[in-house]
Amino acid sequence: MARAPDSRSHGPAAAGQPALPPSMRERAPFLLYRASEISHSLANQMLAEMGLSARQAGILTMVAELEPMTQKALGDALGIDRTTMVALLDDLEDKGYVARQRHPRDRRAFLVQPTDSGRDAKAAAVRILDEQQRQFLAPLNPAECRQLTGLLRRLCRPPPAREE
């Protein structure tokens with residue numbers, strides 16, 4: 001099946017972006033970063049229709065699919081700093097999607113749990129993100145998508161412990 005050319009990563013510079021020198025065009029970490037930025041931007045654009053960001057969808061997914069978590073554990077898991085996490089949770093709480101309560105064993109910590117509305121919002125966000133993934137990966141065939149996912153999983157594993 002013929003595919004439309006994809007201008008995201010090769011050929012002339014994308015509209016409004018300067019051409020990249022070869023030392024950047026061929027550097028895998030830079031390309032991963034660039035792909036991540038494109039994907040994240042598309043996710044935020046698509047989730048905006050329901051008033052969520054990709055980070056907020058991640059928070060809802062974590063607390064709905066795993067268990068109530070502390071703000072700190074959420075921040076650590078998602079790579080979100082404390083100040084930003086508080087702002088994201090404030091917004092989710094204002095929307096009625098999460099509730100925070102004092103941790104029963106640590107008075108300094110708050111547990112974040114989804115409300116029924118939050119679980120519904122998470123389900124809607126996942127449907128949007130399924131479509132976002134389909135659009136973002138459209139230049140790849142199904143076998144390439146599986147291969148990319150496998151390679152990214154390997155890259156995301158923690159490095160093996162070094163023997164001293």
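Modeller: Helices and strands here are DSSP runs, a helix having at least four residues and a strand at least two, and they are numbered from the N terminus. Please keep in mind that this is a predicted model.

Biologist: In what order do the elements of the chain run from the N terminus on?

Modeller: The chain holds seven helices and three strands. Read from the N terminus on, these elements follow the order α-α-α-β-α-α-β-β-α-α.

Biologist: What percentage of the residues in the chain is buried?

Modeller: A residue counts as buried when its relative accessible area is under 20%. Applied to the 164 residues in the chain, that criterion gives a buried share of 27%.

Biologist: How do H3 and H6 pack, and which term describes their angle?

Modeller: Helix H3, residues 54–65, packs with helix H6, residues 116–136, their axes being 9 Å apart and the angle between them about 120°. Angles of 65 to 115 degrees count as roughly perpendicular and those over 145 as roughly antiparallel. The angle of about 120° therefore makes H3, relative to H6, oblique.

Biologist: And what is the handedness of the crossing of H2 and H6?

Modeller: The axes of H2 and H6 come within 10 Å and cross at roughly 140°, so these two helices are also described as oblique to each other. For H3 and H6 the crossing is left-handed. For H2 and H6, the crossing is right-handed.

Biologist: How far apart are the C-alpha atoms of Leu42 and Gln132?

Modeller: Leu42 belongs to helix H2, and because its relative accessible area is 18%, Leu42 is buried. Along the chain, Leu42 and Gln132 are 90 residues apart. Between their C-alpha atoms, however, the separation is 6.8 Å.

Biologist: Turning to charged side chains, how many salt bridges does a search of the whole structure find?

Modeller: Side chains of opposite charge can pair when their charged atoms come close. The criterion used is a side-chain nitrogen of Lys or Arg within 4 Å of a carboxyl oxygen of Asp or Glu. Searching the whole structure in this way, the number of salt bridges found is eight.

Biologist: Which parts of the chain does the salt bridge of Asp90 and Arg100 link, and which residues make up the network?

Modeller: The side chains of Asp90 and Arg100 meet in a salt bridge, at 2.4 Å from N to O. This pair links distant parts of the chain, with Asp90 in helix H5, residues 82–94, and Arg100 ten residues apart from it in strand S2, residues 98–102. Asp90 counts as partly exposed because its relative accessibility is 33%. The network of salt bridges is made up of Asp90, Glu93 and Arg100.

Biologist: What is the N to O distance between Glu131 and Arg134?

Modeller: Glu131 and Arg134 are separated by about one helical turn because they are three residues apart in helix H6. Glu131 counts as partly exposed, at 29% relative accessibility. The two side chains meet in a salt bridge, and its N to O distance is 2.6 Å.

Biologist: Finally, from which helix does the largest share of the nonpolar patch come?

Modeller: The patch on the surface is formed by Leu32, Leu148, Leu152 and Leu155, which together have about 320 Å² of accessible area. Leu32 has its place in helix H2, residues 28–47, and counts as partly exposed because its relative accessibility is 41%. The largest share, three residues, comes from residues 142–156, helix H7.

How values were computed. Residues numbered from 1 in each chain as written. Predicted model: local features only at pLDDT ≥ 70, side-chain atom pairs only at ≥ 80, totals over all residues. Heavy atoms only, no water. Patch = residues over 30% accessible without salt bridge, like charges linked within 9 Å, V, L, I, M, F, W, Y side chains within 5 Å. Areas by Shrake-Rupley, 256 points an atom, 1.4 Å probe, with all protein chains shown as cover. Buried < 20%, exposed > 50% of the residue type's maximum accessible area, 1.4 Å probe, protein only. Axes fitted to C-alpha atoms, helices over the stretch in contact; angles between N-to-C directions. Parallel < 35°, antiparallel > 145°, perpendicular 65-115°, else oblique. Left-handed = near helix turned anticlockwise from the far one by under 90°.
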